[in-house]
Amino acid sequence: MLVVGAGKVALRKTRGLLEAGARVTVVAPEWEPEFEALAVRMVPRRFRSSDLANCALVFAATDDRLTNHRIGIAAKGKGVFANIADSAEECDFVVPSRVERGDVQIAVATGGRNPRLSADLRKKLEEIL
């Protein structure tokens, strides 16, 4: 799995992938300090379309709309499924917001139509649990 970007959103997506047992490569020129503790391969530079080689899924989670858009276009050209964090319309798949506390797991999804609502509901559920 490939995650492009290493901010808070990318960190959350990367943690979810690792929890599912994925091997993750993160491409970003700089990253949140929490990435240092994760079992991921860090590539300290900007995204290149060649990063998609031998990749099944890519998560575009940079803080730059144009970069995320370009990642989506490159992924489509190479037949790689893409999740574009800031544009549900460009996603090939969406990932629900999840809250997990012990044996309880709750997922919130809006079919990609309102990611902000999903994130807000997830935060409220975290407070409740």
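Ala-28 is found in the loop between strand S2 (25-27) and strand S3 (41-43), where helices (H or I, at least four residues) and strands (E, at least two) are DSSP runs numbered from the N terminus. The structure is a predicted model, in which local features need pLDDT of at least 70 and side-chain atom pairs count only at pLDDT 80 or more, while totals for chains, interfaces and linings use all residues. Residues are numbered from 1 along each chain as its sequence is written, and side-chain values use heavy atoms, with hydrogens and water left out.

Ala-28 is buried, a term that means under 20% relative accessible area, with exposed meaning over 50% and partly exposed lying in between (1.4 Å probe, protein chains only). Leaving aside residues up to four places away in sequence, Ala-28 touches Gly-5, Ala-6, Val-43, Pro-44 and Arg-45, a contact being heavy atoms within 4.5 Å. Leu-11 lies 17 residues from Ala-28 along the chain, and the C-alpha atoms of the two are separated by 12 Å.

A search of the whole structure finds 1 aromatic pair, the rule being that rings of Phe, Tyr and Trp (its six-membered ring) pair if their centres lie within 6.5 Å, with planes under 30 degrees apart counted as stacked, over 60 as edge-to-face and the rest as tilted. Phe-59 and Phe-93 form this edge-to-face pair, at 5.4 Å centre to centre and with 85° between the planes. The pair links distant parts of the chain, since Phe-59 belongs to strand S4 (residues 57-60) and Phe-93 to the loop between strand S5 (81-84) and strand S6 (97-101), 34 residues apart.

| Residue | Relative accessible area |
|---|---|
| Ala-28 | 3%, buried |
| Phe-59 | 5%, buried |

For the chain as a whole, the secondary structure comes to 3 helices and 7 strands, and along the sequence these follow the pattern β-α-β-β-β-α-β-β-β-α. The radius of gyration is 14 Å, close to the 14 Å that the globule rule gives for 129 residues, so the chain is as compact as a globular protein of that length; the radius is taken over C-alpha atoms, and the rule is 2.2 Å times the number of residues to the power 0.38. Taken along the principal axes, the C-alpha atoms fill a box of roughly 45 × 30 × 25 Å. Buried residues make up 36% of the 129 residues, and of the contacts with a separation of 6 or more, 40% are between residues 24 or more positions apart.
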